[in-house]
Amino acid sequence: MSRYIPPEQSKAGQVFDIVVVVVAIFVALWLPLKLGLAGAAKSIDALDAKTWEALGQNPTMAGIWEKLGYTPETAHDIIQNRFHYVIDWPTLIIMAVVLIAYFVFLFRASDREYRDVINEKFDDK
Amino acid sequence: MTTALEPAIHGDRVSLLRVLGPAHVWALGVGIVLVGEFTGWNFSADKGGTLAALIVCWVVGLLYTSVAMIDSEVTSTVAAAGGQYAQAKHIVGPLMAFNVALFLVFAYTMLEVSDAILLGDTIVAKAGVDGLTHNSFIAATIVVLAWLNYRGVLMTLNVNFVITAIAYVSIVILFFSVSPWTQGAVLKLNELVTPGNALPYGWIGVIAAFQFGIWYYLGIEGTTQAAEEVRSPARSLPYGTMAGMITLLIAAAMTWYVCASLMPWEYLGVTPYPLWDAGKLTGSPLLENLLFIATLLAAIASANGCINDAARAWFSLGRDRYLPSWFSAVHPKYRTPYRSILFLLPIALAFAFIADLNQAITFSILSGVLQYTFMSINIMMFRKKWPLGTIRRGYTHPFHPLPAIVLFCLCVVTFFAIFLGFGSQLSAMVAFYFLISVWFHFYRYKFVRRGDQFTMPWPKPQGY
């Protein structure tokens, strides 16, 4: 197999590639934050009666909350802020398909590249 | 055929220094991870309750034991900077290697961001001054640690060894100070974890808790990043990694027991500093201050190790031309990948200012789980392409393929756990990796030399 000689990349090309990577990083990581899509999907189940009993706290728990500086009113939003685990099957299936497609692409494309590497490396000998 | 284990050779360029021993490997691994006991693991209580946090502590411990076993075998054989990146390059292929390096960079950079946020928040909470924000503390932490990494790996990891040891000892001191063998005096587990609240969301909450259960141990695999700077990789890497894993399992169990016995699960699940809070709740000013300092030290040690690891992964990408080769420069005096360190600095700063603690942690966990999924498949391919006896392995892990299967199954569960509550972030990150992979495969890879990527003195892989 003939040895592959990669093209030399110009300085401008290198800078451009760095910019592409940085932009991709910020779009992928910053955009979900900016759009409010990141973070826990929780919501507060508000209670009318804000007492330790209503909040499901026994005397030991209530004592600890108070030691930490909380009252039933200030602890309410912490205690009642809950996850609501409802499995959205279409979303789950889409996510699974994307994840599997990603890994399939990774392994198949990697294998194609790897065969070139091995052929060049070992056919030289 | 048996071939000798030799370091990768990279022409006549200045190379990294081989100055590290097993203690440094332990310090790098535990130093990165120990902060997980000081913050992050407790968010698993938020997702599933206190008992769920304990269950995932053990089950995820099994996941990481598999990681450590697999990693020790592959890394003790592929001893090159970049750790899992070098493994992927030699075993799976260039595109996988490119992705693995990005997993590493994001897992460690976002972990560094989380560390800096924790440190800033802890100082602000301790100061109790109105109007004081964490921004200056975050900036100072990231910049000073980057400078330390710029100056040299030996000094960096010597610092890590000392501060990690202090932070670890503080957990042990806290554990024995609260009379762990006696319930009712200080610890009140029976009154805080009741049949009614142990699993507030049922078993779906236990599954969901896997996400932050990862945080107990995330980063232990970072020991492999030092492969090219360790004096004896075949001995030091498995020894340091496995010792680190044992250390962390003990710390995780002690941390859960003390924290679960001192605070209600609703508070435990949201506090940014559970161990410092535990110190406060003992009523001992000495313990409170000790845990305050230990929280800061753990955050510093972790961020320090993360900068070290992320920069080496990025450096490796430049050296192989997967990214512009400008990143592959080694400092002529300090022998560190200084350009990579400097490049990642503003990225870490930017995210430290715009992300919340649990968001940054989730970004890090996501990249970590993608990497562990790769590792479970990677070891299967490694054993298939070079069966035992065909190349010299520094360490051969037992019970193959059981650890790989366990690791893969637990990764699938963890992906589902992340979907429960943080699905949008998961989708965004996978979309990013997918698109950047397309960019690499169809454009960037043309600048990469082919045969030169394979630097290990091994025979041709079977099946090729």
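The following dialogue concerns a predicted model and the reasons for the terms applied to it.

Biologist: Why is the meeting of the side chains of B:Arg321 and A:Glu8 called a salt bridge?

Modeller: The N to O distance between B:Arg321 and A:Glu8 is 3.3 Å. The rule asks for a side-chain nitrogen of Lys or Arg within 4 Å of a carboxyl oxygen of Asp or Glu, so the pair qualifies. Between chain B and chain A the count is four salt bridges.

Biologist: Which helix gives the largest share of the side of chain B that touches chain A?

Modeller: Helix α17 of chain B, residues 402-442, contributes 23 residues to that side. By class, the side of chain B that touches chain A holds 61 nonpolar, 19 polar and 15 charged residues.

Biologist: How many residues of each chain are in contact, and how much area do chain B and chain A bury between them?

Modeller: Contact involves 95 residues of chain B and 67 residues of chain A. The two chains bury about 7200 Å² between them, with 74% of it on carbon and sulfur atoms. In chain B, the residues that lose the most area to chain A are B:Phe419, B:Arg450 and B:Tyr464, together 9% of what that side buries.

Biologist: Why is B:Arg383 called buried?

Modeller: Its relative accessible area is 13%, and the limit is under 20%, so B:Arg383 is buried. B:Arg383 is placed in helix α16 of chain B, residues 357-385.

Biologist: Which residues are in contact with B:Arg383, its neighbours within four places in sequence left aside?

Modeller: They are B:Glu73, B:Leu388, B:Arg393, B:Thr396, B:His397 and B:His400. A polar atom of the B:Arg383 side chain lies 3.2 Å from the backbone oxygen of B:His397. That distance is within 3.5 Å, so the pair meets the distance limit for a polar contact.

Notes:
Residues are numbered from 1 along each chain as its sequence is written. Chains are lettered from A and ligands numbered from 1 in the order in which they are written. This is a predicted model: local features need pLDDT of at least 70, side-chain atom pairs count only at pLDDT 80 or more; totals for chains, interfaces and linings use all residues. Side-chain values use heavy atoms; hydrogens and water are left out. Contact means heavy atoms within 4.5 Å. Buried area is the accessible area (1.4 Å probe) that two parts lose on being put together, summed over both. Helices (H or I, at least four residues) and strands (E, at least two) are DSSP runs, numbered from the N terminus. Ala, Val, Leu, Ile, Met, Phe, Trp, Tyr, Cys and Pro count as nonpolar, Asp, Glu, Lys and Arg as charged, and the others, Gly among them, as polar. Buried means under 20% relative accessible area, exposed over 50%, partly exposed in between (1.4 Å probe, protein chains only). A polar contact is a pair of N or O atoms within 3.5 Å; within protein, one must be able to donate a hydrogen and the other to accept it, and residues adjacent in sequence count only if both atoms are side-chain atoms.
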